[in-house]
Amino acid sequence: MSYVYAPLAFATSFVATLLSTPKVASYMRGKGIVGVDVHKPSKPEIPERVGLSMLVGFIASLGLLCLVDLSSASTYLAVMLSILVAAGIGLVDDFKDLKPLHKVILATLSGLPILALRAYEPRPLIPFVGRVRLTIAYPIAIPFALSVTSNTMNMADPVNGAMSGSASIIITTLVLAYLLAGKPKGVLAGLALLGAVLAFYVYNRYPARVFSGNVGSFAVGAALGSLVVTNGLEVVAVVAMLPQVLNSFMILSSVGGLKGKTSIPVRPTRLLEDGLIEAVKDPRAPLTLVRMILASSPKREAEIAREFLTLTAFSSFLAIITLFLTVEV
Amino acid sequence: MSVRGTVWIYVDIFFAWLSMLLGLYLIDRLVDLAPILEEFMSRTQVGVVEVLITALLFLLWLIAWRILTVKAFRRIIGS
């Protein structure tokens, strides 16, 4: 296997998503599927569930890799099917507004294609410790890992471009890590995912012209999870995702478990008349990463989005250091 | 500039990373339960117990991280 297909993997997903996003957005607007951008004083209506366009990119690129790299086809297929299952759950959530516990349980299903195709290596590489043999525990953990990444990315989409931008940074870090670790399969699969997410970011960054919807954030979360489970470097990925882990863990612990938006009495932030967003001081408000960013002073949405991405870039830098602390690299 | 007011989050993430690595280093260097556990259990059972211990330690690390983060947040937002 060589890296000769790397530009093809990236370009296919990037172009497919770049071209399909305006069409999906136009379709959604035509159907009246729009969401209000609550962090802007003018409250514009933005097409929702446009994250579907990322699926076009994922499928086009991973499908192509299945054809040109037959020896690793089961891995690419497992990643693609995991993403599709997660996207399906996200789409159901978009239509039915699932309960948080149901989302967590249903998202475990996205790990099943990886198990069915045996597209995993149950010997994770841990810094200082080295390779650990987890023949029994690893496959048991896969569905939960996929559920965690899907729901974590779903919770990490509070402002324009935060989810797609931070996912782009994390996937870039993983691609670099797989390149340094000599894992060409991981590099190719990572580039196939990166192209789509980066193209979507072009439309989703501040000021957003499209919203991904749960379908998009679940798909991106499963893409990250399945990429890591099928190619390794689990600890590197956890470190790269520390801001997102911090966000979801703080939300869960501050509201006392899995609760829907309606059962949370106080919103974490408030839009001021001058367009600035401030953190709510009420102790009953959930502790989100955005509320932490706003703790010292109110900020504009663009500043919050930039801070979100800078934090992810910082943790990604730590992730690369972590890679060098693992043995066999 | 916004970064000045958010330095504490970078420090928080840095300490989380550092403590995670320090924990892994200490586990590797100081704690090797396998020879003791293998007296009573099979190799597979030892593996399962080690995974459970790791999961428990990860949970404790998360709780410690939460306590520190909430304290820091309250200090910042309260001032």
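**Backbone, salt bridges and interface in a predicted model**

A:Leu233 has a relative accessibility of 4% and therefore counts as buried, the term buried standing for a relative accessible area under 20%, exposed for one over 50%, and partly exposed for values in between (1.4 Å probe, protein chains only). The model is a predicted one, in which local features need pLDDT of at least 70 and side-chain atom pairs count only at pLDDT 80 or more, whereas totals for chains, interfaces and linings use all residues. Residues are numbered from 1 along each chain as its sequence is written, chains are lettered from A and ligands numbered from 1 in the order in which they are written, and side-chain values use heavy atoms, with hydrogens and water left out.

A:Leu233 lies in the loop between H9 and H10 of chain A, where helices (H or I, at least four residues) and strands (E, at least two) are DSSP runs numbered from the N terminus. Although A:Leu233 is not a glycine, its phi is positive, at about 65°. A positive phi, of about 55°, is also found at A:Asp97, again not a glycine; this residue is in the loop between H3 and H4 of chain A and, with a relative accessibility of 63%, counts as exposed. A further backbone feature is the cis peptide bond that leads from A:Tyr206 to A:Pro207, with omega near -10°, and A:Pro207 is placed in the loop between helix H8 (184-204) and helix H9 (213-231) of chain A. Most residues other than glycine have a negative phi, and most peptide bonds are trans.

Over all chains, six salt bridges are found in the whole structure, a salt bridge being a side-chain nitrogen of Lys or Arg within 4 Å of a carboxyl oxygen of Asp or Glu. One of them joins A:Asp93 to A:Lys103, with the closest N and O atoms 3.2 Å apart. Since A:Asp93 belongs to helix H3 (residues 73-96) and A:Lys103 to helix H4 (residues 100-107) of chain A, the pair ties together parts that are 10 residues apart in sequence. Both A:Asp93 and A:Lys103 are buried. In another salt bridge, A:Arg123 meets A:Glu121 at 4.0 Å, N to O; here A:Arg123 is partly exposed at 34% relative accessibility, and A:Glu121 is partly exposed at 43%. A:Arg270 pairs with A:Glu278, with 2.7 Å between the closest N and O atoms, while a network of salt bridges links A:Asp37, A:Lys40 and A:Glu301.

A:Lys103 is also among the residues touched by A:Asn154, the others being A:Asn214, A:Ser217 and A:Phe218 when residues up to four places away in sequence are not counted; contact means heavy atoms within 4.5 Å. A:Asn154 is found in helix H6 (residues 137-155) of chain A and is buried, with a relative accessible area of 15%. Its side chain is joined to that of A:Asn214 by a polar contact of 2.8 Å, that is, a pair of N or O atoms within 3.5 Å, of which, within protein, one must be able to donate a hydrogen and the other to accept it, residues adjacent in sequence counting only if both atoms are side-chain atoms.

Chain B has three helices and zero strands, and buried residues make up 29% of its 79 residues. The contact with chain A takes 29 residues from chain B and 40 residues from chain A. The two chains bury about 3000 Å² between them, 81% of it on carbon and sulfur atoms, where buried area is the accessible area (1.4 Å probe) that two parts lose on being put together, summed over both. In chain B, the most area is lost to chain A by B:Tyr10, B:Ile13 and B:Trp17, together 21% of what that side buries. Helix H1 (2-30) and helix H3 (43-78) are the elements of chain B that give two or more residues to the side touching chain A, and H1(B) supplies the largest share, 16 residues.
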